[in-house]
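The report that follows walks through a single protein chain, from a few individual residues to the overall layout and the confidence of the model. Please read it with the sequence and the coordinates open beside the text.

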Amino acid sequence: MGALRKIKTKRRTRDYDQVIADVDSSRHLAQYKASKDPEDLPGLGQHFCVECSKWFESDYNLKAHTKGKNHKRRVRLLQEEPHSQELAEAAVGLGVVENWRGHIKRADNAADKADKMEMAA
Ligand SMILES: [Zn+2]
């Protein structure tokens with residue numbers, strides 16, 4: 001078990017939720033990059049694929065990678081809605097009623113605001 005785990009974590013990249021945050025916010029990505037020493041990275045950390053969270057030796061390699069199967073699969077996976085606790089609870093029927101009520105409440109509030117706007121105008 002120990003040996004297997006070592007193999008599986010050796011080339012471990014960032015998780016999907018981390019990558020989604022990277023894509024959304026350049027600050028999040030900068031924070032991650034700051035945690036690495038450029039001298040330890042391939043190509044001194046100049047060529048980075050955000051979606052795959054991978055460094056490459058050269059710009060040529062990075063371009064070849066973005067045309068490849070693995071990169072395209074990763075981009076497609078990232079476009080799906082990320083797994084969340086709400087989604088997991090909804091799958092077993094928890095929290096659905098509460099969310100539904102919350103939705104009604106929000107809709108009422110919006111209607112109230114619209115009424116007030118009309119009265120003010
Ligand atoms: Zn990639």
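## Serine 84

Serine 84 counts as exposed, since 10 C-beta neighbours fall inside 10 Å, and the limit for that class is 12 or fewer. This residue belongs to a predicted model, and its place there is the loop between H5 and helix H6, the latter covering residues 85-91. Along the chain, serine 84 and aspartate 17 are 67 residues apart, yet the distance between their C-alpha atoms is 9.6 Å.

## Leucine 77

Helix H5, which spans residues 69-79, contains leucine 77. Leucine 77 is classed as exposed because it has 12 C-beta neighbours inside 10 Å, and a count of 12 or fewer is what that class requires. In sequence leucine 77 is 61 residues away from tyrosine 16, whereas in space the C-alpha to C-alpha distance of this pair is 8.4 Å.

Threonine 13 sits in the loop that links helix H1 (2-10) and helix H2 (16-24).

Once its neighbours within four places in sequence are set aside, the residues in contact with threonine 13 are Cys52, Ser53 and Lys54. For lysine 54, which is 41 residues away along the chain, the separation of the C-alpha atoms from that of threonine 13 is 7.4 Å.

## Two residues with positive phi

Serine 53, one of the contacts of threonine 13, has a positive phi of about 55 degrees although it is not a glycine. The residue is located in the loop between E1 and strand E2, with E2 covering 54-56. Serine 53 has 18 other C-beta atoms within 10 Å and is therefore partly exposed, as the buried class would need 20 or more.

Leucine 44 is likewise not a glycine and has a positive phi of about 55 degrees. Its place is in the loop that runs between helix H3 (26-34) and strand E1 (47-49). What is the exposure class of leucine 44, given 12 other C-beta atoms within 10 Å? Leucine 44 is exposed, because a count of 12 or fewer defines that class.

## Overall layout

The protein has 7 helices and 2 strands, and from the N terminus on these elements follow the order α-α-α-β-β-α-α-α-α. Of its 121 residues, 5% count as buried. When contacts between residues at least 6 apart in sequence are considered, 33% of them join residues at least 24 apart.

## Confidence of the model

Over the protein, the mean pLDDT is 78, and 72% of the residues reach 70 or more. Which helix has the lowest confidence, and which the highest? Confidence is lowest in helix H7 (residues 96-120), where the mean is 58, and highest in helix H4 (residues 59-66), where it is 93.

Methods. Residues numbered from 1 in each chain as written. Predicted model: local features only at pLDDT ≥ 70, side-chain atom pairs only at ≥ 80, totals over all residues. Helix = DSSP H or I, 4+ residues; strand = E, 2+ residues; numbered from the N terminus. Contact = placed C-beta atoms within 7 Å. pLDDT = per-residue confidence, 0-100.
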